Every structure is written in structure tokens, then in C-alpha cells.
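Please find below a colleague's note on the structure shown here.

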Amino acid sequence: MRGSEPDSRGPATRPTRIHVVSDVHGNTEALARAGDGADALICLGDLVLFLDYADPSRGIFPDLFGEENASRIVALRTARRYDEARAFGRELWAGRDRNTEILGAVRKQYAELFAAFPTPTYATYGNVDVPRLWPEYARPGTTVLDGERVEIGGRVFGFVGGGLRTPMNTPYEISDEEYAAKVEALGPVDVLCSHIPPEVPELTYDTVARRFERGSTALLDAIRTTRPRYALFGHVHQPLVRRMRIGTTECVNVGHFASTGTPWALTW
């Protein structure tokens, strides 16, 4: 996938090329190549692989409890039987130190994933990430942004990390009010980067999971009022629509990098 704009800077100026990924979910091998040929890599979060719904043998959960139990959790969640899923999870964790075991597994994944980031990388959190651990693993050349702006190639990029609260209760879910405050803090930008999409049905519906994921009305309002050139996001792995225009803004789901291994490219 690629987005491009006419180059008005003259024939002697080399275009800027940015690669964008989201929902890496443990795909370290492809991440190490994601910046090839680009001036910078942008990562929109969800580095950790806790449980792979398409392949329940992969991730932290099956490593701890086995594929059979992972498949059962996937089936319960997919059927929206969240109370039963939580009860089953409590049974599995009984007598175990949940926080210690999960954080140990997350740390192992982060050590490998952050080492794979090229220089420069600009990254924000996904809803399954653990923000407090990132400073331990972000090396020089990796800039972590959340509710903050940065200039890349003469364009202003704004970053909003995390997700909104859901019954899934993933690690970095925050209130609508806290999320909106981060969006507002950005002000006008050329490219609005977030993990979750704006609250538009076509962009939030997952055609395989057959459910709507949570999108942000604050992002949608910002797109309508500040009119960035692009709004880039991930989170919805198999969206009904991957790309659409809202006013003058091109809204793009950059893809489920865990399965594609291919970054989305933006050039100007």
C-alpha cells in the first residue's frame, strides 16, 4: 500500500519516504526490514503478541497455558461471552503470580522488538502495549510520542497512542476524556497518527471477528476541524474499508503488519 503526493520542490530534491506499520504483534523478523528504503519508520503500536486469534498456538497466553486453553479463550471472546472468558481466565491464573509472569514475557518480546527498530523510528502505544516498560527498551534513534508532535521531512506528524475502554480490558485502555485531551493537545498537524481509527462504522468494523471495534469521536472531530492531509491508524485487523476520505483528509488503515509483514509507504 502506498500514498503519494505531487512533488513541487523541483527535480533536484529527493522525495521523502516514510514507512508506517501497526499491529506488529511479535513479527520481529519483518519489523527488522520494515524501514528498508525509507527515511524513517513510524510504528502505531501493538508490539506485543498476547494471543493470536487466527493461530492460538502463538503468543504469551498459549506459552503459559497451552494451545487448548488458548483456543477456548478465543472461542469465548469471539462469541462475546466475556464474563465466561474472565471466569475461565481466573481459574487458570489461580495460585500463579499473573503480573510477574506476564511482565516477564512482555519484557522478552520488547527486548527483541525494540532491537529490531531501524533508526529513526517514531512510535506510539497500542492498546495491548505496556507504556511504563517502553523507556527501558527504546534505544537512541527511537522516539516515543503520545499526545505529541514531531516534524519529519518538513511535515508535522501528531501521535495519539492507546485505545478506549472495552470489555476486553487490554493493558492500555483509557477514558474517552483522557484520549480526547491528547488529541486536542496536538493542534493542527499534516499527518494524524493513532493506533485506533476515527469513529466511522466502515473503518471500525472487523469483517472476520464480525464486530465493531472502538473508534474515537475525538479523532473524527479533529479530522473534520483541523483537516490533516492524512489520518493513519491500525487496530482493526480486517476492516470493512481500509481507506476512505473524510473531507480533504485521506484516512488509511495501514494494515495488520503481523500477518502482512509489509509497511504502508507515504512519499512526498
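1. In this predicted model, the exposed residues Glu177, Glu184 and Ala185 lie on the face of helix H7 that is turned away from its buried side.

2. The buried residues of H7, which spans residues 176-186, are Tyr179, Lys182, Val183 and Leu186. Why do they lie on the same side of H7? Around the helix axis they cover an arc of only 100°, and therefore they share one side of H7.

3. As to what covers the buried residues of H7, the elements include the strands E6 (148-152), E7 (155-160), E8 (163-164), E9 (173-174) and E10 (191-194), together with helix H9 (217-226).

4. After H7 comes Gly187, which has a positive phi, near 70°.

5. Helix H3 (residues 67-78) and helix H4 (residues 82-93) have axes that come within 8 Å and cross at roughly 160°. Because angles over 145 degrees count as roughly antiparallel, H3 is described as roughly antiparallel to H4. The crossing in which H3 passes H4 is left-handed.

6. On the H3 side, the contact is formed by Asn69, Arg72, Ile73, Leu76 and Arg77. H4 contributes Tyr82, Glu84, Ala85, Phe88, Gly89 and Leu92. By residue class, the contact of H3 with H4 comprises 6 nonpolar, 2 polar and 3 charged residues.

Methods
Residues are numbered from 1 along each chain as its sequence is written. This is a predicted model: local features need pLDDT of at least 70, side-chain atom pairs count only at pLDDT 80 or more; totals for chains, interfaces and linings use all residues. Side-chain values use heavy atoms; hydrogens and water are left out. Buried means under 20% relative accessible area, exposed over 50%, partly exposed in between (1.4 Å probe, protein chains only). Helices (H or I, at least four residues) and strands (E, at least two) are DSSP runs, numbered from the N terminus. The arc is that of the directions from the helix axis to the C-beta atoms. Contact means heavy atoms within 4.5 Å. Axes are lines fitted to C-alpha atoms, for helices over the stretch in contact, and angles run from 0 to 180 degrees between N-to-C directions. Angles under 35 degrees count as roughly parallel, over 145 as roughly antiparallel, 65 to 115 as roughly perpendicular and the rest as oblique. A crossing is left-handed if the near helix is turned anticlockwise from the far one by less than a right angle, and right-handed if clockwise. Ala, Val, Leu, Ile, Met, Phe, Trp, Tyr, Cys and Pro count as nonpolar, Asp, Glu, Lys and Arg as charged, and the others, Gly among them, as polar.
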